[in-house]
Amino acid sequence: MVLWELISRSGLISQLYLPAPTVILSTGWDMIISGELPNNGQASLSRIILGFLLGSTLGILVGLATGFSKLAEAIGIPLIYAVYPVPKIALLPLIILWLGIGELSKVTIISLGVFFPVVINTYSGVKNVDPLLIKVAISFKATRLSLIVKVILPAALPAIFAGLKMAAGTSLLLLVAAEMIAAKEGIGALILRYGDLMLTTKLMVGVLTLSLLGVIFSCLLEWIERRIITWKN
C-alpha cells in the first residue's frame, strides 16, 4: 500500500490509471456519505444473498438425492456433468431472453453458478460417507429420513462447505456480469458506469467493495462451518 501510494503520488503513473489509496479511500467515504455506495451495495447484496440461498439449498437437496438414490444418480449426475462445463455467463443472454432484464434473471444466473459446485461437492461427500456408519444406522433400524438427516448429512458437511466456499466466489463473478449487462443499480453497474466515464477512482472504490464482500462471505462461511462442524475444531 505504501509503495502504491508513493508511485501514484510521484507522478510516474498518472492517477487516471492508478489513483492513490488515500484518494480512493477518501472518494469511497464521500460515496458512503452521499448514499451512492450503500444504495448500490444493498441492491447487489439482496441479489447475491437470494441467489446464493436458492442455489445452495437446491444444490444440497439434489446432491443428497443423487448420492443416496441410485435412480436419482443415474438420471441426475450425467445431466449435471453435461451442463456444468458450460460457462454460466454465456447463458446470461438466454436467461434474459426468457426471464427479462428484471431481478429474476439476475437471481437465476447467480443461483445457477452456486448450484453446480454445491451439488457436485454434496454428491461427492455423500458417496464418501463411511459405509460402516450406514450399516450401523441400518442395524438400529433407522428410517431413510433419519439415515439422511442424522448420518449422511453430518458426514458430508465438510464437502458441502467446500462447495459453498467455491460457490461464493462464483456468485460474485456472476453478480457483476449480470449487473453490467442488465442493471441500473448495483456494484457491477457502478463499475461499468464509471469505467465508461473514465472516473478511475470511483471505479476502484467499486472493485475494492467487491473484494471486501468476498472477504466477508469467506469469513462468514468459515464461522458458520466452525459452529456447525464442531468435531473439526
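## A salt bridge between Lys127 and Glu73

Lys127 and Glu73 form a salt bridge, with their closest N and O atoms 3.5 Å apart; the term salt bridge stands for a side-chain nitrogen of Lys or Arg within 4 Å of a carboxyl oxygen of Asp or Glu. The pair links distant parts of the chain, since Lys127 belongs to helix 6 and Glu73 to helix 4 (residues 70-83), 54 residues apart. Lys127 is partly exposed, with a relative accessible area of 39%, whereas Glu73 is buried at 18%; here buried means under 20% relative accessible area, exposed means over 50%, and partly exposed lies in between (1.4 Å probe, protein chains only).

This is a predicted model, in which local features need pLDDT of at least 70 and side-chain atom pairs count only at pLDDT 80 or more, while totals for chains, interfaces and linings use all residues. Residues are numbered from 1 along each chain as its sequence is written, and side-chain values use heavy atoms, with hydrogens and water left out.

## The chain as a whole

The chain has 10 helices and zero strands, where helices (H or I, at least four residues) and strands (E, at least two) are DSSP runs numbered from the N terminus. The C-alpha atoms fill a box of roughly 75 × 45 × 30 Å, taken along the principal axes, and buried residues make up 41% of the 233 residues in the chain.

A contact means heavy atoms within 4.5 Å. Among the contacts with a separation of 6 or more, 71% are accounted for by residues 24 or more positions apart.

## Nonpolar cores

A nonpolar core is a set of buried Ala, Val, Leu, Ile, Met, Phe, Trp, Tyr and Cys residues joined through side-chain atoms within 4.5 Å. The largest one holds 42 residues, of which Phe52, Ile109, Leu164 and Leu210 touch the most other members. Several helices each supply at least two residues of this core, including helix 3 (36-68), helix 6 (103-127) and helix 10 (200-228), and the largest share, 15 residues, comes from helix 8.

Leaving aside residues up to four places away in sequence, Ile109 touches Lys88, Leu91, Leu92, Ile95, Leu174 and Ala178. A second, separate core of seven residues includes Ile80, Phe116, Val119 and Tyr123. In soluble globular proteins, nonpolar side chains tend to be buried together.

## Helix 9 and the residue after it

In helix 9, the residues Ile187, Gly188, Ala189, Leu190, Ile191 and Tyr194 are buried. Just after helix 9, Met198 takes a positive phi of about 60 degrees.

## Further salt bridges

The structure holds six salt bridges, one of which joins Glu179 and Arg47, whose closest N and O atoms are 2.6 Å apart. Glu179 lies in helix 8 and Arg47 in helix 3, so this pair ties together parts that are 132 residues apart in sequence. Glu179 is buried, with a relative accessible area of 1%, and Arg47 is also buried, with a value of 5%. Arg47, Glu103 and Glu179 are linked in a network of salt bridges.

Lys165 and Glu225 also meet in a salt bridge through their side chains (2.6 Å, N to O). This pair again links distant parts of the chain, with Lys165 in helix 8 and Glu225 in helix 10, 60 residues apart. Lys165 counts as partly exposed at 31% relative accessibility, whereas Glu225 is buried, with a relative accessible area of 8%.
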